[in-house]
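Morning, everyone. Let's look at one structure together and walk through its pockets, its salt bridges and its backbone.

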Amino acid sequence: MPEPNLELIKEIEQLAEEYKDSSPQEILEYALNRFGTGISIAFSGAEDVVLIDMATKIKADVSVFSLDTGRLHPETYKFFDVVRDHYNILLEIFFANRERTEELVHKKGMFSFYKDGHQECCGARKVDPLRRSLSKRRAWITGQRKDQSPNTRASIPVIEVDSAFGDGTLVKFNPLANWTSKQVWDYIRENDVPYNELHEKGYVSIGCEPCTRPILPGQHEREGRWWWEEATKKECGLHSGNVRSQV
């Protein structure tokens with residue numbers, strides 16, 4: 001755990017207050033102007049493509065990265081190239097930790113998370129590659145929304161110091177924190193933003209294939225993720241600071 005930079009935390013808390021009612025575009029413009037080549041958009045879901053669409057209208061050359069866990073749906077792998085080609089961007093892919101993944105599968109098999117919980121698998125397949133990616137950045141941009149997971153994301157600010165990654169100075173932007181799912185999909189339709197074809201098959205929140213399923217009418221979107229676990233544990237480690245902040 002990095003030592004907290006109290007001066008930076010205070011500055012970012014003031015910025016979060018200043019920008020709390022700003023549009024995602026205004027937050028993105030500030031982020032891209034302040035951090036330049038030192039900031040990148042984390043891309044996996046529909047929200048992230050909305051951010052890419054917004055960001056490329058502000059600045060043509062934006063940095064985007066994604067994580068390949070080795071367990072994604074075929075539709076998601078195809079979608080990587082759809083987004084890359086649609087926005088003419090270089091999509092940087094970070095892969096699962098080979099040694100940790102091999103060791104886990106050797107000891108526990110391919111589906112140990114159904115019995116032991118998803119944290120160990122996510123640690124090797126998601127957290128490790130994210131840590132490697134973020135070691136190259138001064139800031140990153142996520143598609144988190146407060147209403148995505150009332151148990152873990154209800155209090156996320158639009159700007160924060162990342163307490164889980166970096167050296168204590170990594171800044172994290174959540175421009176869509178105050179948006180609803182409806183606002184995201186209204187933007188997608190109005191701006192012809194590409195989306196993962198799994199959304200047309202009942203999937204709302206999309207992760208790894210073994211840990212994601214379609215949801216029924218009336219279910220919350222995160223109920224399709226790690227459905228065998230308690231709702232308060234439904235963070236994969238990429239946003240583990242959310243769990244601590246809710247305690």
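A quick definition first. Ala, Val, Leu, Ile, Met, Phe, Trp, Tyr, Cys and Pro count as nonpolar, Asp, Glu, Lys and Arg as charged, and the others, Gly among them, as polar. Keep in mind that this is a predicted model.

Now the second largest pocket. Its volume is about 210 Å³. How does the lining of the second largest pocket split by class? We get 6 nonpolar, 4 polar and 2 charged residues. Among the lining residues are Leu 32, Ile 39, Val 62 and Leu 90. Lys 59 and Asp 61 are in the lining too.

Most residues other than glycine have a negative phi. Asn 88 has a positive phi of about 50°, and Asn 88 is not a glycine. Where does Asn 88 sit? In the loop between α4, residues 74–87, and β3, residues 91–95. Asn 88 counts as exposed because its relative accessible area is 71%, and the cut-off for exposed is over 50%.

Asp 192 is not a glycine, yet its phi is near 55°, a positive value. Asp 192 is in the loop between α8, residues 181–190, and α9, residues 240–246. Buried or exposed? Asp 192 is exposed, at 61% relative accessibility.

On to salt bridges. How many does the structure hold? The count is 17. I'll pick a few.

Start with Glu 75 and Lys 201. Their side chains meet in a salt bridge, 3.0 Å from N to O. This pair links distant parts of the chain, with Glu 75 in helix α4 and Lys 201 in the loop between α8 and α9, 126 residues apart. Glu 75 has 16% relative accessibility, so it counts as buried; the cut-off for buried is under 20%. Lys 201 is partly exposed, at 47%.

Arg 132 forms a salt bridge with Asp 128, and the closest N and O atoms are 3.1 Å apart. Both residues lie in helix α7, residues 119–134. They are 4 residues apart, about one turn of the helix. Arg 132 is partly exposed, with a relative accessible area of 36%. Asp 128 is buried, at 17%.

Helix α8 has a pair as well. Lys 182 and Asp 186 meet through their side chains in a salt bridge, 2.8 Å from N to O. Lys 182 and Asp 186 are 4 residues apart in helix α8, so about one helical turn separates them. Lys 182 is exposed, at 57% relative accessible area.

Then there is a network. Salt bridges link Glu 47, Arg 145, Asp 147 and Glu 221.

Last topic: cavities. Rolling a probe the size of a water molecule over the atoms shows where empty space is left. The structure holds 4 cavities of 30 Å³ or more. The second largest cavity has about 100 Å³ of space.

How values were computed
Residues numbered from 1 in each chain as written. Predicted model: local features only at pLDDT ≥ 70, side-chain atom pairs only at ≥ 80, totals over all residues. Heavy atoms only, no water. 1 Å grid on protein atoms, 1.4 Å probe; cavity = no way out; pocket = protein on both sides within 12 Å on 5 of 7 lines; lining within 4 Å. Points joined across faces, edges and corners; volume = space filled by probe spheres on them. Helix = DSSP H or I, 4+ residues; strand = E, 2+ residues; numbered from the N terminus. Buried < 20%, exposed > 50% of the residue type's maximum accessible area, 1.4 Å probe, protein only. Salt bridge = Lys/Arg side-chain N within 4 Å of Asp/Glu carboxyl O.
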